[in-house]
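Me: I would like to learn how to read the features of a model one at a time. Can we start with the charged side chains?

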Amino acid sequence: MATVQVEIRMAAFDPWQELSVWGGHAAASAVFIGRVRAMAMDGRVLQALELEHYPGLCERLLEAIAERLRQTHAADRVLVLHRVGRLSPGEPIVLVAVEADHRGPAQRCAADLLEELKHRAPFWKREWCGDQGVWLNSNTSLWASDPRARGLSPEP
């Protein structure tokens, strides 16, 4: 059984089905399912999100990141599934799952892995609104995605 599994897929996947096949018998699991949001970065209604990657290179980089974080947090296993191609709002785009002997390592590894994926993964993204595609210059900044990064308390 592999300790790190990374797959980039064109085809849609059911995260719960994937987890039922992948899951083991660890004492703790942390799971994150990301879906395509309904709004573009500029606030317009999103028609679709298109993702491209460099096959082979992208997977190797994500495997290296996942293995490094697995070891850092003493996790047992890591799963990363990520979609590419044209996706509609609401479709699952990423699944991250981590198994460990305790909840803390599983949760910390999953959280760190998500940040690495969001800010360092080599994906090119194009937002489609009203049949016009616009390439994004960068991923969502940490500042925009997490108020704690600015020293603010999250809203209740």
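Me: How many salt bridges are there in this predicted model?
Reply: Look for a side-chain nitrogen of Lys or Arg within 4 Å of a carboxyl oxygen of Asp or Glu. By that rule the count is 9 salt bridges.

Me: Which parts of the chain does the pair of E50 and R126 link?
Reply: Start with the distance, then place each partner in the fold. The closest N and O atoms of E50 and R126 are 3.1 Å apart, and the two form a salt bridge. E50 sits in strand β3 (residues 48-53) and R126 in strand β7 (residues 123-129), so the pair links distant parts of the chain, 76 residues apart. Both E50 and R126 are buried.

Me: What surrounds R126 apart from its neighbours within four places in sequence?
Reply: With those neighbours left aside, R126 is in contact with A48, L49, E50, E52, G133, V134 and W135. The relative accessible area of R126 is 19%. The cut-off for buried is under 20%, so R126 counts as buried.

Me: Where do E99 and R77 lie?
Reply: These two also form a salt bridge, with 3.1 Å between the closest N and O atoms. E99 is in strand β6 (residues 92-100) and R77 in strand β4 (residues 77-83), so the pair ties together parts 22 residues apart in sequence. Both E99 and R77 are buried. Elsewhere, the side chains of E7 and R9 meet in a salt bridge at 2.8 Å, N to O. E7 has 26% relative accessibility and therefore counts as partly exposed.

Me: How does one check the length of a helix, and what does α2 give?
Reply: Compare the span expected from the residue count with the distance between the end C-alpha atoms. Helix α2 (residues 57-72) has 16 residues, which at 1.5 Å a residue should span 22 Å. The end C-alpha atoms of α2 are 23 Å apart, which agrees.

Me: Which residues of α2 are buried, and on which side are they?
Reply: In α2 the buried residues are C58, E59, L62, I65, A66, L69 and R70. These residues cover an arc of only 135° around the axis, so they are on the same side of α2. On the other side, R60, Q71 and T72 are exposed. The elements that cover the buried residues of α2 include β1 (4-9), β3, β4, α3 (103-120) and β7. Just after α2, A74 takes a positive phi of about 55°.

Me: What does the same reading give for α3?
Reply: Its 18 residues should span 26 Å at 1.5 Å a residue, and the end C-alpha atoms of α3 are 25 Å apart, which agrees. The buried residues of α3 are G104, P105, A106, C109, A110, L113, L114, E116 and L117. They pack against β2 (28-35), α2, β4 and β6.

Me: How many disulfides does the structure hold?
Reply: A disulfide is a covalent bond between the sulfur atoms of two cysteines. The structure holds 0 disulfides. As for individual cysteines, C109 is buried with a relative accessible area of 0%, and C129 counts as buried at 5% relative accessibility.

Me: What is the overall make-up of the protein?
Reply: Count the elements, then read their order. The protein has 4 helices and 8 strands. From the N terminus on, they run β-α-β-β-α-β-β-β-α-β-β-α. Of the 156 residues, 43% are buried. Among contacts between residues at least 6 apart in sequence, 73% join residues at least 24 apart.

Me: Where is the pLDDT below 50?
Reply: Take the average before the stretches. The protein averages a pLDDT of 89, and 87% of the residues score at least 70. The pLDDT is below 50 over residues 142-156, a stretch that has 11 contacts in the model beyond near neighbours in sequence.

Technical notes: Residues are numbered from 1 along each chain as its sequence is written. This is a predicted model: local features need pLDDT of at least 70, side-chain atom pairs count only at pLDDT 80 or more; totals for chains, interfaces and linings use all residues. Side-chain values use heavy atoms; hydrogens and water are left out. Buried means under 20% relative accessible area, exposed over 50%, partly exposed in between (1.4 Å probe, protein chains only). Helices (H or I, at least four residues) and strands (E, at least two) are DSSP runs, numbered from the N terminus. pLDDT is the predictor's confidence in each residue, from 0 to 100. Contact means heavy atoms within 4.5 Å. The expected span of a helix is 1.5 Å times one less than its number of residues. The arc is that of the directions from the helix axis to the C-beta atoms. A disulfide is a pair of cysteine sulfur atoms within 2.5 Å.
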